[in-house]
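These are my notebook entries on a structure I was asked to look through. I set down each item in the order in which I looked it up.

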Amino acid sequence: MSLSSRKFALAVAVTALLLAAPAAAEAGKGRTSNQCVAGAPGVGDAYFPTYGNGGYDTRHYDLDVEYDPATDRLEGDASIRARATESLCSFNLDLVGLDVRKVQVDGRRADWTRSGQELVVTPKRPLSDGRRFEVEVRYDGVPVEFTIPGLPIRTGFMDTPEGATVIGQPEVAAAWYPVNDHPIDKASYSFEVTVPNPYEVVANGFLRDRESRPGSTTWEWEAREPMASYLATIDISNWDVHRWRTDTGLPVYDAVDAAITGGLRAEIDAGLARQGEVLDLLVDAFGPYPFSTVGAIVPNQEDLFFALETQTRPVYSKLFWLDSQGNPANADFVIVHELAHQWFGDDVALARWQDIWLNEGFATYAEWLWEEHEGRGTPQEIFQATYDAIPAEDPFWATVIGDPGVDLLFDNAVYVRGAMTLQALRNEVGDADFWEIIRTWASTKSGGNATTDEFIALAEQVSGQQLDDVFNTWLFTAGKPPFSTPAGQAGVARELTQQARERAATWLNDVQRRLAHGRY
Ligand code: TRP
Ligand code: ZN
């Protein structure tokens, strides 16, 4: 369902009005080509009005790309299967930079124009509502990179000394393939990536095949489970690959850049070896793991400061495993965080970017569950230590995480206050209802998209309580919320023991460490 359906309904109504006279004259002839509309240039996301497009739903992306690390040039042939949700005279794809060479719809040449990020495709004949079609775009060039707003930090399709790293949120996909670039329109993906030997490619999903020729190799990866566009990644380097299975039989494909060695490498390998244990904890909390494969990608890139929950196979900055003195350090928290996103962010994806706390608050809460698992404090203790540690005048409390605005989309408060919101909910409804809410959220929204309003409605339905107060306070009101004692624990929670405070401080230290690297 497109967010802009209302906008569309309006466009259709206006078109119908304009065509009323000729349509009457042609009554009985059925639809005329005049009745088609131009697909909207955005899905109607208030934060990013040009992201995505209206009028169709994508089903599958077949991305055939050739990349030469020596020249940074990419040559692409993208075939996208989609279904029209309006009668379309034309429709848009998002594509940033790159030169378009040819566009076909259902095997016939189509006209196209470009303006900004919009590639406007006009097929020979209109596409009727409900019709399945395939659009093929041939393109090439050097992919454009993005920077994170306010920070001189690279993201996107990044050329690296080792090859390429593809990681960005919300901007990345349109820099390397034509796309309906909004999480509301999920699709499955096939990647056929050709690189010169001896480069190697890792992507989402399963490695289906590898075809070697003298000089180059094509790596075929298959991501069957529907995926939001920003979660697609192809990463090019010389990888040490470790294929294994968790105790529950889930296939794991880990790729660590072969140039990462020594103590840092040992720390990374030790962390990745715990993915099964992390997943066990998350399955206990959230319900079944939503995908058919898992793993990690760790590039050697020095100026990558983030990790991203790329579906089935997160990409991690190696810097997470270095402390502030540059010594190898444990970073299990980031593995927990990115794997938690497989449920919240990936399987249950956003319908609009404004609701980002649904991703980051949940993934941060999973870190608190891990702290508890490791014996370093309960979520309530960490909640309270965090609450106590941040004074009311700190700008942290000023961010309205239910509507943070584009510039504060990944503000620290979205993560930490987001997790605090879940603990506040848990205290309000009690453990049994809280876990039922979380698991029902994961299972009923699986494979799709969701909004904050839907989460609140579910929480109220499961608990039978009116929860406006707690959500308004934590999500939609600037300022430090008044302290409230968890139900049934009067007098217990206010004074944390010194020991609990120290354990909770471990988590706060990790937060500081992450902030030193940028946000995560
Ligand atoms: N969602 C990522 C995380 O929490 C963080 C992130 C935001 C990011 N924007 C990004 C990562 C851009 C890489 C590039 O794990
Ligand atoms: Zn995150």
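**Entry 1: a loop residue.** I began with Gly326, which I found in the loop between strand S22 (315-316) and helix H5. I noted that the model is a predicted one. Is Gly326 buried, exposed or partly exposed? Its relative accessibility is 41%, so Gly326 counts as partly exposed.

**Entry 2: the zinc site.** I next looked up which residues of the protein are donors to the zinc ion (ligand 2). They are His337 (NE2), His341 (NE2) and Glu360 (OE), at 1.9 to 2.0 Å from the ion. Written as a sequence pattern, the spacing of these donor residues is H-x3-H-x18-E. His341 belongs to helix H5 (residues 332-343) and Glu360 to helix H6 (residues 357-373), so this pair ties together parts that lie 19 residues apart in sequence. I recorded that His341 and Glu360 are both buried.

Why is the arrangement around the zinc ion (ligand 2) irregular? The 4 donor atoms subtend angles of 97 to 141°.

**Entry 3: helix packing.** I stayed with H6 and looked up how it meets helix H7 (residues 379-389). Their axes come within 8 Å and cross at roughly 120°; the two helices are therefore oblique to each other. On the H6 side I listed Tyr365, Trp368, Leu369, Glu371 and Glu372, which meet Pro379, Ile382, Phe383 and Thr386 of H7.

I then turned to helix H8 (residues 412-429) and helix H11 (residues 468-476). These pack at an angle of about 170°, and their axes are 10 Å apart. That angle makes H8 roughly antiparallel to H11. Arg417, Met420, Thr421, Ala424 and Leu425 are the residues of H8 that I noted here, and they meet Val470, Phe471, Thr473, Trp474 and Leu475 in H11.

**Entry 4: the sheet of four strands.** Before reading the sheets I reminded myself of one general point. Strands of a sheet pair through backbone hydrogen bonds, either parallel or antiparallel.

In what order do the 4 strands of the open sheet stand? I read the order as S1-S4-S8-S7, with mixed pairing. Strand S1 (37-38) and S7 are at the edges with a single partner strand each, so one side of each has no neighbour in the sheet. Going through the pairs, I found S1 and S4 parallel over 2 bridges, with Ala38 opposite Ser90 in S4. Strand S4 (residues 88-94) and strand S8 (residues 118-122) run antiparallel and are joined by 4 bridges; here Leu93 stands opposite Leu119. Strand S7 (residues 111-115) also pairs with S8 in the antiparallel sense, over 5 bridges, and Thr113 faces Val120 in S8. The hairpin of S7 and S8 has 2 residues between the strands, and Gly116 takes a positive phi near 60° in this hairpin.

**Entry 5: the sheet of eight strands.** I read a second open sheet, in which 8 strands follow the order S6-S5-S9-S3-S2-S13-S16-S15, again with mixed pairing. Its edge strands are strand S6 (108-109) and strand S15 (206-212), each of which pairs on one side only. S15 and strand S16 (residues 216-227) are antiparallel, over 6 bridges. I picked out one residue pair between them: Glu211 has Thr218 in S16 as its bridge partner.

Ser216 is also found in S16. Its relative accessibility is 16%, so Ser216 counts as buried. Apart from residues up to four places away in sequence, Ser216 touches Thr194, Val195, Pro196, Asn197 and Glu211.

**Entry 6: a buried alanine.** Last I looked up Ala203, which is found in strand S14 (residues 200-203). Ala203 has a relative accessible area of 0% and is therefore buried. Which residues is Ala203 in contact with, leaving aside its neighbours within four places in sequence? I listed Phe191, Trp221, Thr233, Ile234 and Arg313. Finally, I noted that Ala203 and Glu220 are 17 residues apart in sequence, with a C-alpha to C-alpha distance of 8.9 Å.

Definitions and conventions. Residues are numbered from 1 along each chain as its sequence is written. Chains are lettered from A and ligands numbered from 1 in the order in which they are written. This is a predicted model: local features need pLDDT of at least 70, side-chain atom pairs count only at pLDDT 80 or more; totals for chains, interfaces and linings use all residues. Side-chain values use heavy atoms; hydrogens and water are left out. Donors are N, O and S atoms within 2.8 Å of the metal (3.2 Å for Na, K and Ca); water is not among the atoms, so sites may look incomplete. Four donors count as tetrahedral if all angles lie between 85 and 135 degrees; four count as square planar and six as octahedral if opposite donors are over 155 degrees apart and all others between 65 and 115; anything else is irregular. Buried means under 20% relative accessible area, exposed over 50%, partly exposed in between (1.4 Å probe, protein chains only). Two strands pair if DSSP finds at least two bridges between them. Axes are lines fitted to C-alpha atoms, for helices over the stretch in contact, and angles run from 0 to 180 degrees between N-to-C directions. Angles under 35 degrees count as roughly parallel, over 145 as roughly antiparallel, 65 to 115 as roughly perpendicular and the rest as oblique. Contact means heavy atoms within 4.5 Å.
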